Amino acid sequence: MELVTPEIGLVFWTTISFLILFFLLAKFAWKPIMGAIGERERSIEDALLKAEAAKDEMSRLTNENEELLKKTRAERDVILAEAKKLKDQIVSEAKDAAHKEGARQIELARIEINNQKNIAMADVKNQVSALSIEIAEKILRKQFEDQGKQDALVADLLKEVKL
């Protein structure tokens, strides 16, 4: 049992050694160790704050990026709508211009056809009247060769005039 029960001298010298060790550690090692631990805690805390700030900044940038994308998409849609409207307007104006030009060309062709028809009709009338005059002249010469026929014609004409 001697091994289990400590003697008073052993307890005294162990306590003295412990107090000297504690005093030396407190004097020389405790402050640097605690300073290093505090510095480590501050650097970890700073790193966590920086990470949180970076996370917040990333979130803000993501939101700004999404807003920019929405604005860009809206602007793109507006530009596409304006381009489509402009295209439709240009196509409509081109169609209208083509219809007007077609109608003008058709009207010009109709006028030209009528002019050519009138010229042809006048030419035909001139030829018909020339032929009629020529035929009438030949008929009259033939009838007026005989004096008796001339007198009968004049008498018939006078009878018709009196009626």
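Mentor: Let's start at Asp77, which has 41% relative accessibility and so counts as partly exposed. The scale runs like this: buried is under 20% relative accessible area, exposed is over 50%, and partly exposed is in between, using a 1.4 Å probe and protein chains only. Before we go on, keep in mind that this is a predicted model, where local features need pLDDT of at least 70 and side-chain atom pairs count only at pLDDT 80 or more, while totals for chains, interfaces and linings use all residues. Residues are numbered from 1 along each chain as its sequence is written, and side-chain values use heavy atoms, with hydrogens and water left out.

Asp77 has a partner: Arg76 forms a salt bridge with it, with the closest N and O atoms 3.2 Å apart. That term means a side-chain nitrogen of Lys or Arg within 4 Å of a carboxyl oxygen of Asp or Glu. Side chains of opposite charge can pair when their charged atoms come close. Arg76 is partly exposed too, at 46% relative accessibility.

Glu57 and Arg60 make one, with 2.3 Å between the closest N and O atoms. They both sit in helix 1 (residues 8–144), 3 residues apart, which is about one turn of the helix. A helix here is a DSSP run of H or I with at least four residues, a strand is an E run of at least two, and numbering goes from the N terminus. Glu57 is partly exposed at 34%, and Arg60 is partly exposed at 36%.

Glu134 is partly exposed at 42%, whereas Lys138 is exposed at 54%.

Now for the rings. A search of the whole structure finds 2 aromatic pairs. Phe12 and Trp13 form an edge-to-face pair, 5.2 Å centre to centre with 75° between the planes. For the cut-offs, rings of Phe, Tyr and Trp (its six-membered ring) pair if their centres lie within 6.5 Å; planes under 30 degrees apart are stacked, over 60 edge-to-face, and the rest tilted. Phe12 is partly exposed at 46%, while Trp13 is exposed at 57%.

Phe18 and Phe22 are stacked, with 6.2 Å between centres and 25° between planes. They are 4 residues apart in helix 1, so about one helical turn separates them. Phe18 and Phe22 are exposed.

One last stop is Phe144, which lies in helix 1 and is partly exposed at 37%. Leaving aside residues up to four places away in sequence, Phe144 touches Gln150 and Leu153, where contact means heavy atoms within 4.5 Å.
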